[in-house]
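Hello,

Here is the structure I promised to pass on. My notes follow it.

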Amino acid sequence: MLILSIFLTNCSGVKELTIFKKKVEREKLNLNTPTPLELENLKWIIITSKNAEEVFKKLEEQGIDPVLWGLTDKDFELLAKNFAQIRNQLKITNDLLDKYKEYYEPKTNEK
Amino acid sequence: MFGSIKIFFIGIIATAVIGGGFYVMKLRSDNAILKANSIKMEEAITDQQELITQQKNDFKDILAANQKINELVSVLKKDLDNLDKRFNKKNRDVGKLAIAKTESIERITNGASALATRCIEIASGAELTEAEKNATKKSEINSECPSIANPKYIPY
């Protein structure tokens, strides 16, 4: 009887529930933000068939080689638009990076 | 004979009492474990609720970030459209204008070029100057990219 009661009480027991918790925060990437650009201003010179001689003469007077890289009015327009598109893409990419950083590496410890 | 039977029954009763004692102790032990389990389960449920709340907040953050980026794309597209208008407004021909008013178009081109250069600096992360931050009039803004250079400017 004693053996039976010991047998019954030990084999049908309730096992203690164990919950494991292990939270390890990922190290922050912390890459340095790229230094903003500091660009040089360039000077555009408009040459027409009327002022070409005068323009080259002025260049020589200023000690600048009398040579110019040329664009038609249409190509100048395209260049302006291309730069505007590059600028927009740069802004969007930078803002995306900021948003990712805000989301995955918030300043407070909310996450 | 009678003595043996008596001892036998006493043995049975003693065994039953001891067994009962063990059983009660076991029940108490099980009860304590069940209580502990119940507390842990409640903790687990609380953790899950916190997780769900966190996920809801994450979704809000994701939506907000998406909205901000979409707004940015939209205003940058407006800047690009404005640039196109400046070149082609009312069938304007910049080439002919440059022939007719060479000096003034050259001055305008250089002014716009300097502004466009500044736009690239801003897009690359340069801080806005106080004048750029506070610009509200057309005469004060960077006409090449007011959406990123002049946060207080509302087109009119």
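**Notes on the model**

Helix α2 of chain A (residues 52-61) lies largely in the open, because zero of its 10 residues are buried. Buried means that 20 or more other C-beta atoms lie within 10 Å of the residue's own; exposed means 12 or fewer, and partly exposed is in between, with C-beta atoms placed from the backbone. Helices (H or I, at least four residues) and strands (E, at least two) are DSSP runs, numbered from the N terminus. Just after α2(A), A:Gly63 has a positive phi of about 75°.

This is a predicted model: local features need pLDDT of at least 70, side-chain atom pairs count only at pLDDT 80 or more, and totals for chains, interfaces and linings use all residues. Residues are numbered from 1 along each chain as its sequence is written, while chains are lettered from A and ligands numbered from 1 in the order in which they are written.

The model scores ipTM 0.74 and pTM 0.73. Chain B has a mean pLDDT of 93, with 100% of its residues at 70 or more. pLDDT is the predictor's confidence in each residue, from 0 to 100.

**Chain A**

Chain A holds three helices and zero strands. The order from the N terminus is α-α-α. Of its 111 residues, 5% are buried. The domain assignment gives domain 1 (39-70) and domain 2 (71-106). Such bounds come from an automatic or database domain assignment. Taken over C-alpha atoms, the centres of these two domains of chain A are 30 Å apart.

Helix α1 of chain B covers residues 2-88, which is 87 residues. From first C-alpha to last it reaches 127 Å, close to the 129 Å expected at 1.5 Å a residue. The expected span is 1.5 Å times one less than the number of residues. How much of this helix is buried? Three of the 87 residues are, so α1(B) lies largely in the open. Those three are B:Leu76, B:Asp79 and B:Leu83. They pack against α3 of chain A together with α5 of chain B. After α1(B) comes B:Lys90, with a positive phi near 50°.

Chain B is divided into domain 1 (1-37) and domain 2 (62-156). Their centres, over C-alpha atoms, are separated by 92 Å.

**Where the chains meet**

The contact takes 41 residues from chain A and 49 residues from chain B. Two residues are in contact if their C-beta atoms, placed from the backbone, lie within 7 Å. On the chain A side, α1 (2-11) and α3 (73-104) each supply at least two residues. α3(A) gives the most, with 17 residues. By type, the chain A side divides into 21 nonpolar, 10 polar and 10 charged. Here Ala, Val, Leu, Ile, Met, Phe, Trp, Tyr, Cys and Pro count as nonpolar, Asp, Glu, Lys and Arg as charged, and the others, Gly among them, as polar.

**The core**

The largest nonpolar core has 10 residues, among them B:Ala116, B:Cys119, B:Ile141 and B:Ile148. A nonpolar core is a set of buried Ala, Val, Leu, Ile, Met, Phe, Trp, Tyr and Cys residues joined through C-beta atoms within 7 Å. α3 (102-123) and α5 (146-149) of chain B are the elements that give two or more residues to this core. α3(B) gives the most, with five residues.

Look at B:Cys119 in particular. Not counting residues up to four places away in sequence, B:Cys119 touches A:Arg87, B:Asn142, B:Glu144, B:Cys145, B:Ile148 and B:Ala149.

Best wishes
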